[in-house]
Amino acid sequence: MISINSQDLAAKEAYKLISGSVIPRPIAWITTYNRDKSVINLAPFSFFSGVAGKEPLVSVSILRKEDGSVKDTARNLIDTKEAVVHVVSEGLVHKMNQTAASLDAKETELADTNLETVESKLVAVPGLQAAKVRFEVQVYQYVPIKDAHDQIITDMFILKVVEMYFDETILNQEKNYIDAKALKPVARLAGPQYANLGKTYRITRPK
């Protein structure tokens with residue numbers, strides 16, 4: 001084994017090793033409103049996971065920019081306390097990648113795509129009609145992650161799912177079962193690398 005002490009690494013080197021090892025990662029494609037609800041921001045984040053079931057919670061960590069400034073999605077979540085989180089399927093991966101571009105906060109990523117939005121029920125910000133899964137969410141807990149110098153390096157959010165939407169082709173309504181093969185989720189690897197679902201198999205858990 002090759003041993004590397006994290007204290008010997010620059011931030012970018014540590015990120016590359018972590019993002020290349022913690023794989024595959026689901027992608028949260030998030031719409032948010034700015035404070036005065038004049039601009040819809042749309043951006044993807046792959047430090048994304050489930051947190052709990054008793055309370056339907058998911059987490060997303062949004063790394064700060066290199067200059068230490070907060071990203072638009074994080075600022076919007078802090079200001080408005082709500083969003084819509086979408087799961088990225090194979091047919092949407094290129095549009096998702098388009099929305100990863102850095103734009104001015106006054107511009108919307110939707111302008112560079114032909115994605116249509118759909119009104120939400122419990123939050124103000126709209127969702128993406130094309131997504132096979134979307135969650136209306138509200139900020140449950142905001143956790144600013146700080147470095148040794150007490151500077152925020154990541155804005156972490158625990159988000160409560162308040163409304164769920166599933167395309168009828170992926171949901172077995174009788175069993176509340178998601179058909180992963182029909183969903184065709186896209187996973188993030190490292191850098192510009194992505195992966196599809198691939199082969200699946202079943203293992204029974206011990207009692």
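## Sheet, cores and ring contacts in a predicted model

The fold contains an open sheet of seven strands in the order S3-S2-S6-S9-S10-S5-S4, with antiparallel pairing. Two strands pair if DSSP finds at least two bridges between them; strands (E, at least two residues) and helices (H or I, at least four) are DSSP runs numbered from the N terminus. S3 and S4 stand at the edges with a single partner strand each, so one side of each is left without a neighbour in the sheet. From one strand to the next, the twist averages 35 degrees, where axes are lines fitted to C-alpha atoms, for helices over the stretch in contact, and angles run from 0 to 180 degrees between N-to-C directions.

This is a predicted model, in which local features need pLDDT of at least 70 and side-chain atom pairs count only at pLDDT 80 or more, while totals for chains, interfaces and linings use all residues. Residues are numbered from 1 along each chain as its sequence is written, and side-chain values use heavy atoms, with hydrogens and water left out.

Within the sheet, S5 and S10 run antiparallel and are joined by seven bridges. Val60 has Phe157 in S10 as its bridge partner. Both residues also belong to the largest nonpolar core, which has 22 residues; Ile30, Val60, Ile62, Val85, Val137, Phe157 and Leu159 touch the most other members. A nonpolar core is a set of buried Ala, Val, Leu, Ile, Met, Phe, Trp, Tyr and Cys residues joined through side-chain atoms within 4.5 Å. Strand S2 (28-33), S3, strand S5 (57-63), helix H2 (72-80), strand S6 (82-87), S9 and S10 each supply at least two residues of this core. Apart from it lies another core of 17 residues, including Ile27, Ile40, Met96 and Ala131.

Ile30 has contacts (heavy atoms within 4.5 Å) with Asn41, Leu42, Ala43, Phe45, Val60, Thr73, Ala83, Val84 and Val85, not counting residues up to four places away in sequence.

The structure holds three aromatic pairs. Rings of Phe, Tyr and Trp (its six-membered ring) pair if their centres lie within 6.5 Å; planes under 30 degrees apart count as stacked, over 60 as edge-to-face and the rest as tilted. Two of the pairs are tabulated here.

| Pair | Centre to centre | Angle between planes | Class |
|---|---|---|---|
| Tyr15 and Phe47 | 6.0 Å | 40 degrees | tilted |
| Tyr142 and Phe157 | 5.1 Å | 25 degrees | stacked |

Tyr15 lies in helix H1 (residues 11-21) and Phe47 in the loop between strand S3 (40-45) and strand S4 (48-52), so this pair ties together parts 32 residues apart in sequence. Tyr142 in strand S9 (residues 133-146) and Phe157 in strand S10 (residues 152-166) are 15 residues apart.

Relative accessible area (1.4 Å probe, protein chains only) is classed as buried under 20%, exposed over 50% and partly exposed in between. Tyr15 is partly exposed at 33%, as is Phe47 at 26%.

Some backbone features fall in loops. The peptide bond from Ile23 to Pro24 is cis, with omega near -10 degrees, and Pro24 lies in the loop between H1 and strand S1 (25-26). Asp150, a residue other than glycine, has a positive phi near 65 degrees; Asp150 is in the loop between S9 and S10 and is exposed at 51%.
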